[in-house]
Amino acid sequence: MRHFTSVTQLGDLKDAFAAARYVKENPFADQALGKNRTLLLVFFNNSLRTRLSTQKAGLNLGMNVIVLDVNQGAWKLETERGVIMDGDKSEHLLEAIPVMGSYCDIIGVRSFARFENKADDYNEVILNQFIKYSGKPVFSMEAATRHPLQTFADMITIEEYKTKARPKVVMTWAPHPKALPQAVPNSFAEGLNMTDYEFVIANPEGYDLAPEFVGDAKVTHDQDEALRGADFVYAKNWSVADDAHYGEVLNRDRSWTVTTEKMALTNDAFFMHCLPVRRNMIVSDDVIESPRSLVIPEAANRVVSAQTVLKEILKSL
Ligand code: AN0
Ligand code: CP
């Protein structure tokens, strides 16, 4: 594997889960692979889990790790070609990327959807420039349309906790005050569509995800119907994905919040969320604190997903 931008690049899932299990049980077994290799993590957006878990993954592999927060201390970057740079942006991405590439062996990039132009977001303009101009393997730490390291961690977690071969997994939209990207739900749908699990997406009308991510998943606008018999409930907010209202928030309906009453409809389901989560908007205190909540082991598996992917990239160098 050279670049990693989508869970579909994991290949055979059985092999990917086995590789993850090996990494989890033997976290320091591959330190020779990363020796004298430098990992650069570039953040255009905030992060707690991705920042720490990806650093930890690199350190476990014996790598040197450096982190750049573009908005804290670096020069403000212009991203459009042809702009007369007489404003507040001092440097162009087209110089910054190859410079960053010259300092490292592998680059991780976090660059959320900007909601200025759907085509730019859905064409992954920023991530693809890193791939094109850095000269180094690039992996996504959440780009405009996908968050594959999160999805891989989510899938590892389901693999660990499932008690039947084909669990029912329900991804439900839940309310949030701000416009959030579709990257996490797109990517989760992409990953679940690689499995033979029963996969249902519940969201209000107007919130359907892009068809290329929904795939063959069942989509319903009736959350209660979706939750019946669920073994895993994966909650997430996202903003509108369709062209006419792209990136807007049209619904803050708190009847979609995942509460104890909602969880009572399920097959004693596990609760999952990628975090950060807004309590009593997305999920009630009781549900996230319950013994069926997997949010902490799910976050812990971010080290495993990142380390499994980094190991594959290191092997390709
Ligand atoms: C981001 C999102 O929804 O994409 C990051 C999640 C991992 N969430 C927020 O900005 C709150
Ligand atoms: N789940 C996740 O990616 O969290 P951070 O935004 O804190 O990295």
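This is a predicted model: local features need pLDDT of at least 70, side-chain atom pairs count only at pLDDT 80 or more; totals for chains, interfaces and linings use all residues.

User: Which domains does the assignment give for the chain?

Analyst: Domain bounds come from an automatic or database domain assignment. Here the assignment gives domain 1 (7-146 + 301-316) and domain 2 (150-298), and their C-alpha centres lie 25 Å apart. Contact means heavy atoms within 4.5 Å, and by that rule 28 residues of domain 1 are in contact with 36 residues of domain 2.

User: Which residues are around ligand 2, and why does ligand 2 lie between the domains?

Analyst: A residue is near a molecule if one of its heavy atoms lies within 4 Å of it. Around ligand 2 these are S47, L48, R49, T50, R110, H147, Q150, C274, L275 and R302. Because both domain 1 and domain 2 give residues to this shell, ligand 2 lies between them.

User: Which atoms of the protein lie 2.9 Å from a nitrogen atom of ligand 2?

Analyst: A polar contact is a pair of N or O atoms within 3.5 Å. An N or O atom in the side chain of Q150 is 2.9 Å from a nitrogen atom of ligand 2, and a backbone N or O atom of C274 also lies 2.9 Å from a nitrogen atom of ligand 2. On the oxygen side, a backbone N or O atom of L48 lies 2.7 Å from an oxygen atom of ligand 2. By accessible area (Shrake-Rupley method, 1.4 Å probe), ligand 2 taken alone exposes 260 Å², of which the protein buries 93%.

User: What surrounds ligand 1?

Analyst: Ligand 1 is surrounded by F112, E142, H147, L180, P181, K236, C274, L275 and P276. An oxygen atom of ligand 1 is 2.6 Å from an N or O atom in the side chain of E142, and an oxygen atom of ligand 1 is 2.7 Å from such an atom in the side chain of K236. On its own ligand 1 has 330 Å² of accessible area, and the protein covers 83% of it.

Note on methods: Residues are numbered from 1 along each chain as its sequence is written. Chains are lettered from A and ligands numbered from 1 in the order in which they are written. Side-chain values use heavy atoms; hydrogens and water are left out. A polar contact is a pair of N or O atoms within 3.5 Å; within protein, one must be able to donate a hydrogen and the other to accept it, and residues adjacent in sequence count only if both atoms are side-chain atoms.
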